[in-house]
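Reader: I would like to learn how to read a fold from its elements down to a single residue. Please take one feature at a time.

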Amino acid sequence: MDFSGKITVITGGARGIGRCIAETFAKAGARVAIIDQLPKPEDLMAADFHYQGDIADQATLDAFAEQVLNRYGSIDYLVNNACLSRRGILSRCGFDDFLYVQKVGVAAPYHLASLFREHFRPGGAIVNITSTRAVMSQPDTESYTAAKGGILSLTHALAVSLAGHVRVNSIAPGWIDTSDGNWSAADKSQHLVRRIGQPSDIARMVLFLCSEDAGFITGENVTVDGGMSRQMIYHQDHGWTFEM
């Protein structure tokens, strides 16, 4: 896919999945603008523009969007990738910590969509990164799970409101290895494709959803988890046991 001349804005683009998305768009010819709390890594060549700041802060989002528009005049794609966890009820995640995660994971994507709303060029698209955690959980994950559930719902709401102007979809990654871990055969076998996901699996789907090939897709969530959430697991199935 050729994205030459396209302007792509990515939150949380300095590392992990976000960085891979940035590099994939850049390789396809796009110009990439990133916002991240981290400074620009010296080896990150994909970012045409890197803004360091906390997206939980509205003033930071306003300043970032202003600089993007001053630099490019308009954008083509917005990828809301950034999120974090401050755990949950078992760790006594407090009100402020819980709210902070919702600001990063839900309020910031909404505000950026609002700030850029009138500046998308024809064929524009928003892709939100949610998670399979939006529909399944582990203990003590409430802050993250709530944020991912929120952006999942935000996706179809924005798709309806921006109909005819900007397509809006989301991707729900499953287990994605961002650390080059040495995973066991059992870890891999939990997935129907028999491997752990890679950031490139998500990046390629982002590119597809932004491309003209996905022009008839909006308001949808695409699960990219190697089939892990589709396999029913019972006690003693496949050699697995459940211990209380």
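This is a predicted model: local features need pLDDT of at least 70, side-chain atom pairs count only at pLDDT 80 or more; totals for chains, interfaces and linings use all residues.

Reader: How many helices and strands does the protein have, and in what order do the elements run?

Author: Helices (H or I, at least four residues) and strands (E, at least two) are DSSP runs, numbered from the N terminus. Here there are six helices and seven strands. Starting at the N terminus, the order is β-α-β-β-α-β-α-β-α-β-α-α-β. The radius of gyration (over C-alpha atoms) is 18 Å, close to the 18 Å that the globule rule (2.2 Å times the number of residues to the power 0.38) gives for 244 residues, so the protein is as compact as a globular protein of that length. Its C-alpha atoms fill a box of roughly 60 × 40 × 40 Å along the principal axes.

Reader: What is the strand order of the sheet?

Author: Two strands pair if DSSP finds at least two bridges between them. The seven strands form an open sheet in the order 3-2-1-4-5-6-7, with parallel pairing. Strand 3 (47-52) and strand 7 (221-224) are the edge strands, each pairing on one side only. From one strand to the next, the twist averages 20°.

Reader: Which helices pack on the sheet, and at what angle?

Author: Contact means heavy atoms within 4.5 Å. Axes are lines fitted to C-alpha atoms, for helices over the stretch in contact, and angles run from 0 to 180 degrees between N-to-C directions. Helix 2 (residues 58-72) packs on the sheet and touches strand 1, strand 2 (31-36), strand 3 and strand 4; its direction makes about 155° with that of strand 3. Helix 4 (residues 142-161) also packs on the sheet, touching strand 4, strand 5, strand 6 (167-173) and strand 7, and its direction makes about 155° with that of strand 6.

Reader: Is strand 4 buried or exposed?

Author: Buried means under 20% relative accessible area, exposed over 50%, and partly exposed in between (1.4 Å probe, protein chains only). Six of the six residues of strand 4 (residues 75-80) are buried, so this strand is largely enclosed by the rest of the structure. Across the protein, 46% of the 244 residues count as buried.

Reader: Which strands does strand 4 pair with?

Author: Strand 1 (residues 7-11) pairs with strand 4 in the parallel sense over three bridges, with Thr8 opposite Tyr77. Five bridges join strand 4 to strand 5 (residues 120-129), also parallel. Among the bridge partners, Val79 has Val127 and Asn80 has Asn128.

Reader: Where does Arg31 sit, and which residues does it contact?

Author: Arg31 is in strand 2 and, at 39% relative accessibility, counts as partly exposed. Beyond its neighbours within four places in sequence, Arg31 is in contact with Lys6, Ile7, Thr8, Asp48 and Tyr72.

Notes
Residues are numbered from 1 along each chain as its sequence is written. Side-chain values use heavy atoms; hydrogens and water are left out.
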